[in-house]
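Here are some quick notes to read alongside the model. Have it open while you go through the points.

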Amino acid sequence: MKSATGPFTRSRNDRMLAGVMGGIARRFGWNSNLLRLLYVIFSIASAAFPGLIVYLILWLLMPEEGP
């Protein structure tokens, strides 16, 4: 596993919605598709609502990566 490097930013290239999961995956060197799948599974297991709120908060707080 790769160590954390760089700031938390939303990805411009690796995104499905806003690039939140792509940015987190890039930061920690993880597979973004696997992270998305795990996030959806955990969100559904917790009645989906908290997962949606967390995603929206991250979308608002994480800046988009530079050019």
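1. A word on classes: Ala, Val, Leu, Ile, Met, Phe, Trp, Tyr, Cys and Pro count as nonpolar, Asp, Glu, Lys and Arg as charged, and the others, Gly among them, as polar. With that, the lining of the largest pocket has 9 nonpolar, 4 polar and 2 charged residues.

2. Before going further, this is a predicted model, where local features need pLDDT of at least 70, side-chain atom pairs need 80 or more, and totals for chains, interfaces and linings use all residues. Residues are numbered from 1 along each chain as written, and side-chain values use heavy atoms, without hydrogens and water.

3. On confidence (pLDDT, the predictor's score for each residue, from 0 to 100), the protein chain averages 84, and 91% of the residues score at least 70.

4. How much space lies in the largest pocket? About 300 Å³. Of its 15 lining residues, the closest to the centre are Leu17, Met21, Tyr39, Val40 and Tyr55. (On a 1 Å grid over the protein atoms alone, a pocket is an open set of points where a 1.4 Å probe fits, with protein on both sides within 12 Å along at least five of seven lines; lining residues have an atom within 4 Å of a point.)

5. α1 (20-28), α2 (32-45) and α3 (49-61) each give the lining at least two residues. The largest share, 4 residues, is from α2. Helices here are DSSP runs (H or I, at least four residues), numbered from the N terminus.

Note on methods:
Grid points are joined across faces, edges and corners, and a volume is the space filled by probe spheres set on the points.
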